[in-house]
Amino acid sequence: MSPDAPIDLPTTLPGRVEGDLLLGSPVPVVLALGVAVVLLVHTRRAHRGPTRRRTAAAVGGASALVALAAVLGVNLWVGYLPSVQTAARWVQTRTWTPHATSPEVPAPPHARDPRHGRVLHVTVPSTSPGVPDSPAWVYLPPQYDRPGSTARFPVVYALHGAPGTAADWFAGGRADATVDELVATGHLPPVVVVAPDLNAGAAPAGTEPLDVPGGPQLGTYLRTDVVAWADRTLRTRDEPAGRLVVGMSAGSLGALVTGLGHPDVFGGVVALMPYAAPDTPAVVADPRAAERSTPTSVLRRRDPATVQPVFLGVPGAESPAAGQALARALRDAHQPTTLRVYPGLGHTWVGARTMLPYGLVWCAGQLGWVAP
């Protein structure tokens, strides 16, 4: 099949990832603005000139409501926290402390749902320089908890952007809802999703998930510690053909650099909103590190016989130039590659979660992942 053949997705998918009424709809924005207007109008019409204190309080309250509406409106456009549940996940990650987790303890029977997997907040130990033990989010498909099951599952490693957190793919990315629907409709076999935190213990910052000279070795942490933890802790397919690395924006650069640089670890790459060269200052300032962190340079250093499928997803609001350059280099290196441009999308989590299912289904087909 041609890499550029149409990708079939379930028609039910878009509605599954829109979010809830509170954070995923314009209703709160409209309500906040409406109350602000009513408050100001009522103050102006109050009998015979309100006191300065009452006027100041009303103006202050209206200003706060307008600010709230602006924040909610930006969140709605970006899609970062589409629901109260995803907001809770973000808070849980930001307040994380190291803790033991046993993913192999199955969900109790009353909590099992044949259409929905379960999501866990875990700690991934680190042996990589500059990277402490860090949080991650894990999705286990419904089939994982079937009584007596010994099945092993492919793993999708999902990398957040910069700034970002481990929760992003389970908040704005809605990876769990997407995979639930793809698995339930037979468009994707059951898979595990692991979304690590790649901030090296710091607050969300602008560092790409790369090996930084004199700094955190985030690429090493991903391909060694995170993958080893998953294979040791979960029932995974511990082989390159059973692993896919996905990234959004800065995460897409990390996915391309680490994925293409280590085909002995990752069988395929999904790069959403990709770009072709690193931006991290410490990497750019070091010529050797910059070369190691440039996807096309990584590609030139590989064994030419290596084959990895690569999906490149570009939102229509961005220039496709970087994606086109990457696609040419990948195809010149005889890699199964497709570049898809999605009109109407921007560099947001709405864009990332809309493109995600296309990349997952395409790469699963290329890697031969089939439902058991």
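A cavity is a set of grid points where a 1.4 Å probe fits but cannot get out, and its lining residues have an atom within 4 Å of such a point. The exercises below apply this to a predicted model.

**Exercise 1.** Find which residues line the largest cavity, and state how they divide by class.

*Solution.* Next, list its lining, which is made up of Val156, Ala158, Trp169, Ala175, Val179, Val193, Leu356 and Leu360. The elements that contribute two or more residues to this lining are β3 (155–159), α5 (175–184) and α12 (349–367). Finally, sort the lining by class: eight residues are nonpolar, while none is polar and none is charged.

**Exercise 2.** Check whether the length of helix α7 agrees with its number of residues, and decide how far the helix is enclosed.

*Solution.* Helix α7 covers residues 250–261, and at 1.5 Å a residue its 12 residues should span 16 Å. The C-alpha atoms at its ends are 16 Å apart, which agrees with that expectation. For the second part, take buried to mean under 20% relative accessible area. Since 11 of the 12 residues of α7 are buried, the helix is largely enclosed by the rest of the structure.

**Exercise 3.** Describe the aromatic pair formed by Trp169 and Trp349, and say where its partners lie.

*Solution.* The ring centres of Trp169 and Trp349 are 4.8 Å apart and the planes stand at 90°, so the pair counts as edge-to-face, for which the angle must be over 60 degrees. Trp169 lies in the loop between β3 and α5, whereas Trp349 belongs to helix α12, 180 residues apart. Both Trp169 and Trp349 are buried.

How values were computed:
Residues numbered from 1 in each chain as written. Predicted model: local features only at pLDDT ≥ 70, side-chain atom pairs only at ≥ 80, totals over all residues. Heavy atoms only, no water. Helix = DSSP H or I, 4+ residues; strand = E, 2+ residues; numbered from the N terminus. Expected span 1.5 Å × (residues − 1). Buried < 20%, exposed > 50% of the residue type's maximum accessible area, 1.4 Å probe, protein only. 1 Å grid on protein atoms, 1.4 Å probe; cavity = no way out; pocket = protein on both sides within 12 Å on 5 of 7 lines; lining within 4 Å. Nonpolar A, V, L, I, M, F, W, Y, C, P; charged D, E, K, R; others polar. Phe/Tyr/Trp six-rings, centres within 6.5 Å; stacked < 30°, edge-to-face > 60°.
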